[in-house]
Every structure is written in C-alpha cells, then in structure tokens.
Amino acid sequence: MSASKTKMQHENNLSRLVQPGTGLAPARGKLGIMLPGMGAVATTVVAGVEAVRRKIAKPIGSLTQMGHIRLGKRTDARSPMIKDFVPLAKLNDLVFTGWDIFEDNMYESALNAGVLEKSLLNQIKPFLSSIKPRKAVFSQDYVKNLHGTHVKKGRNKRDLAEQLRDDIRDFKKKSGATRLVMCWCGSTEIFLKPGPVHQSIEAFEKGMLKNDRNIAPSMLYAYAAMKEGVPFANGAPNLTVDLPVMHQLSKQNNAPICGKDFKSGQTLMKTVIAPGLKARMLGLEGWFSTNILGNRDGEVLDDPASFKTKEESKLSVLEYILQPELYPDLYKDFYHKVRINYYPPRADNKESWDNIDIFGWLNYPMQIKLNFLCRDSILAAPIVLDLVLFMDLAKRSEELRGIGIQEWLSLFFKSPMTRPGLYPEHDLFIQTMKMKNTLRHLKGEELITHLGLEYYD
C-alpha cells in the first residue's frame, strides 16, 4: 500500500473513532515517545515515568498528571483532573526510544548525567538498560563542544533524513505503538537565521541533497517526523520547526508542531515576576541575569555560537511582556543582560541570580534580588511529559491536527512559536488560561473569562 493511501486510511480510522460532539479520538493503544538526545533531560523523563508507573514516586510538576481544570462557575464546584477531563494517553501505555551521539543505554546515561540518585535508578535498572540509543544524526559544525561517536553516515542530508524515517517506522513496528510523538531533547545548535532553503518543501529537499549548511541536524529529525505524520515538539532554542518549510509539512501531514526552548528555570521566574510588575504599573530600569550550569547543556552553551541561540530565546521574554511601546514611561530603554557560565562542579544543579532595578511612585528606586537554586532536568522532565501527551491529543483532534503550530502550549516554552507576524504571548498566567480554555473548547465546555459579574446579579 502506498504511503498516501496508508495515511488516508489512518485519518479515516481516526475520524470513525472520534468521540461524538468533541472531535477527539480516544487514546487507544500504545503511544511511542521518540527523544532525539538521550542525555540528562530525556533519561530523567523516562526514569520518572517508570518510577511513577511503579508507584515509587509521584509526577510532581506535571500539569497533565497533577493539574485540575475548573469547569463552569466557581459555585458549581466542578474541577476534574486534566487527565480525566480530556482523553490523554495513560502512563502505562507509553513506550520509548531515542537517538544519541554516545552508545550508553538509558541507565548508563542517567548515571553519567548525575541527576537522579543511584538508589532510585537501580530500582528501575532493567527497564532503563533495555532502552538503547539509535545512532544519531550529528555534525560538530552545529554543536562545537561535543564529539559524537555513535552517529549515522550517509551520502547526503536527504539520505540521513531517510534513515531517520526508517528508524521511526522500525520503532513503531517493533514497539507495537499505534501513535508516535517526537520531542527534541538534544543540545542547542549554533545560531542560524531562516534562508531561501527553508522557504518551501521543494527548496528544503533540494538543499538536503546539496548538504546545505543552513540545514541543521535537528531540522532533519523534524522533517523525518512530519513526513511520517508524527507531531514534533522542540525543546531547544534552535530554529528546527520555526520555519516556513516545517509549517507547510506540519499542515500537509497533520503533524502538529510546537516550540521552542523548554521554559524551566530563570525564564520561568521572569514570566512570573514581569507580569506582576506590569500589573501594578511598576517601572523597570534594568534586569541582569546570570547562570552557572555544569551538565552537557552548560558545556554546549560554553561555545559562543550556541550561546547566541540561547540568548536570543531568553532576551525576548521581557520585551513582549512589558510592551515598552505602550508604556514608555515605565519600560522604555530598560537594560537587559543575560549570561550563562559553564561550571562543571555544579553539574545539573543550575543556579541563577537576577538583579532587578525597579522604580515606583514618584520615581523612587527599589530592587528585587532573586537567587534560584534549581535542578535543570527535574524542571524540564515534566514539561517533556506534558508536551508529548498534549501533542498526541492535538494529533487526535479534528480541529488541532491540521493547523500546524500549537500556540496553546506556549506556557512550556521560553520562545513560543506563533503564526508568522503574530507576536508571542509570554505572560505565564495568560499562557495558562489559553491552555485551559483550549481544553475546555475541545470538550465543548464554556470558556472561563474570570469576569465574575454573574455572581453579583
């Protein structure tokens, strides 16, 4: 059977399964999770899911597993858990694979990452040891400080993309998964700008044959996923799917996309604090941010070209939240600086410092000092879980699967993707409202505006 006929049959099967009145197909069968980059974040996700499945731990930090959603009026007292409200895949139905530039299985990789205690990892060692990485598509031209040894070879980038497509089909067949999702957990690539090769599917495919330098490895994973109709979430600040060609592929193949760059640590705090300053009309003179980090991510970001990609992602947050063009007296020309320093002794336990110079009534100056001692992968892992479950939901939604960018998942990203020409929403509280209202909309429930006047009629 041809690929186009297989795809059409799959879509017809989904349509027949859709729950009446919702446009949502149920989550039947196994969901295959594919993770490019089997380092600290990926191993923490997979180990965490298995620990929760065995009732060794609880899924702290996961909206899909621990969050509730209010329905109707406050007086109705209807607040089911999100996982009971919409048809999400169950944790017991998740199966995993991944790619990495090193041969270590997930148990060995988790030990090397040093995020989770060995006593926990040993309880799930057989499961983690069974997940071995597939050879990765990798080039040191795009990640200067890593030296990959477990990598694919091909005639050109098109050949490498086809090898990834073969991996996807192989995993689906061998795992018995009925549905797949891919989430980029790999390293930050060098800074690239969109170019002619990214403008259309035809240009991109010609560029792959010519080994165009502007086609990074992460783009090959995204291309392979979408050609197979697989949703793709981008957890790094790379362009990857934030390109016209990927928007076209996403819509053409009903493969939802979202990104970019997991909003886990310092930027999470910015999207909490900045909306508070703006809500009370407090001015900002400057915001200085610095970090130390010692894991593989820190090593990668020690290269200026990779740091540039991350810096662009982190710097945009405040400008969009504070809207200086609307509030020049408060936010015009505020100084914003971001620094990330590689410090091996700290490993995955990232530490960030923020010095925030603000001013209030009659221009009197004040300061906020924030010191966040966080665990990078511990914060990112539940984001990955939520993303893959929500992206699978989007794939099963008649309304969402064909629109491309899933902006309703913005709360998980430092630099949320939007339709070209539309500025991103960075305010965490607005992002959360957007996400929950999307779920209400999918289920035919009334959207909640928080106006509240009906209580006082």
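To begin with a term: a pocket here is an open set of points on a 1 Å grid over the protein atoms alone, where a 1.4 Å probe fits, with protein on both sides within 12 Å along at least five of seven lines, and its lining residues have an atom within 4 Å of a point. A volume is the space filled by probe spheres set on those points, which are joined across faces, edges and corners.

The model is predicted, so local features need pLDDT of at least 70 and side-chain atom pairs count only at pLDDT 80 or more, while totals for chains, interfaces and linings use all residues. Residues are numbered from 1 along each chain as its sequence is written, and side-chain values use heavy atoms, with hydrogens and water left out.

Two or more lining residues come from each of H2, H16 and helix H17 (428–442); helices (H or I, at least four residues) and strands (E, at least two) are DSSP runs, numbered from the N terminus. By class, this lining has 22 nonpolar, six polar and five charged residues. Nonpolar covers Ala, Val, Leu, Ile, Met, Phe, Trp, Tyr, Cys and Pro; charged covers Asp, Glu, Lys and Arg; the others, Gly among them, are polar.

Now the largest pocket, with about 850 Å³ of space. Of its 49 lining residues, Cys 185, Gly 186, Ser 187, Arg 296 and Asp 297 are the closest to the centre. Elements that give two or more residues to this lining include helix H2 (40–53), strand E7 (283–293) and helix H16 (376–395). The lining divides into 25 nonpolar, 13 polar and 11 charged residues.

Next, the strands, which pair if DSSP finds at least two bridges between them. E7 runs antiparallel to strand E9 (residues 351–359), with nine bridges, and Asn 291 stands opposite Ser 352 in E9. E9 also runs antiparallel to strand E10 (residues 365–373), again through nine bridges; here Phe 359 faces Pro 365 in E10. Five residues separate the strands in the E9 and E10 hairpin, where Leu 362 takes a positive phi near 60°.

Last, helix H12 (residues 266–279). Its 14 residues should span 20 Å at 1.5 Å a residue, and the end C-alpha atoms are 20 Å apart, which agrees; the expected span is 1.5 Å times one less than the number of residues. Just after H12, Met 281 has a positive phi of about 55°.
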